[in-house]
Amino acid sequence: MRGGRVAVIGALGLASVALAAGPAFAKGGVDITAPGTAQVGKTITVKAHGGDDSAGFLHQLCLEEKGFGEGWHQENCSAAVEGDAHITAHGTSARRGDLQFRAVLYGLTSPHDQNPVRLHASDVVTVHVR
């Protein structure tokens, strides 16, 4: 009986060491909201928030836009903050068509970091301008 109990305790000990030695993955993500449709010349409000539990980083959230035959370009960025980052942008479209938006969360080692690390990106949302 005693030998069986020692074997079970030893197996549990090895399993806990294996779990502790496994890779650790940071958890986080980015969410974005925008209206599905908008009228030409009317205000379009896009909001995003994101975070990541990776240690040692400040977080900055940037909104990117694509539309009217142009590629992705950065529209706005939040300040570098500890914890979750939030951003709200207001704009208008002077013509009809589809505008796409996404938010990208960056990790920075300081507020003036010149080499931010891309941590997460949101899904793309499309606003149909009519």
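1. Strands here are DSSP runs of E, at least two residues, numbered from the N terminus. By that count, I32 sits in strand β1, which covers residues 28–33. The model is predicted.

2. Overall fold. The chain has one helix and nine strands. Among contacts with a separation of 6 or more, 66% link residues 24 or more positions apart.

3. Burial and surface. The chain has 130 residues, and 30% of them count as buried.

4. I32 in its setting. Is I32 buried or exposed? I32 counts as buried, because its relative accessibility is 12% and the cut-off for buried is under 20%. Beyond its neighbours within four places in sequence, I32 is in contact with V46, K47, A48, L63, F101, R102, A103, S122, D123 and V125. K47 deserves a separate mention. I32 and K47 are 15 residues apart in sequence, yet their C-alpha atoms are 5.7 Å apart in space.

5. The disulfide. There is one disulfide in the structure. It joins C62 to C77, with an S to S distance of 2.1 Å. The link of C62 and C77 is right-handed, with 110° about the S-S bond. C62 belongs to strand β4 (residues 58–67) and C77 to strand β5 (residues 73–77), so the bond ties together parts that are 15 residues apart in sequence.

6. The two cysteines, one by one. C62 is buried, with a relative accessible area of 2%. C77 is partly exposed, at 33%.

7. The largest pocket. How much space lies in the largest pocket? About 180 Å³. Its lining is made up of I44, V46, L63, E65, E75, N76, A89, H90, G91, T92, L99 and F101. By type, the lining residues divide into six nonpolar, four polar and two charged.

8. Where the lining comes from. Strands β3 (43–52), β4, β5, β6 (85–92) and β7 (97–108) each supply at least two residues of the lining of the largest pocket. Which strand gives the largest share? That is β6, with four residues.

9. Cross-links between these points. V46, L63 and F101 are among the contacts of I32, and V46, L63 and F101 are also among the residues lining the largest pocket. Strands β4 and β5, which hold C62 and C77, each supply at least two residues of the pocket lining.

Conventions:
Residues numbered from 1 in each chain as written. Predicted model: local features only at pLDDT ≥ 70, side-chain atom pairs only at ≥ 80, totals over all residues. Heavy atoms only, no water. Disulfide = S-S within 2.5 Å. Buried < 20%, exposed > 50% of the residue type's maximum accessible area, 1.4 Å probe, protein only. Contact = heavy atoms within 4.5 Å. 1 Å grid on protein atoms, 1.4 Å probe; cavity = no way out; pocket = protein on both sides within 12 Å on 5 of 7 lines; lining within 4 Å. Points joined across faces, edges and corners; volume = space filled by probe spheres on them. Nonpolar A, V, L, I, M, F, W, Y, C, P; charged D, E, K, R; others polar.
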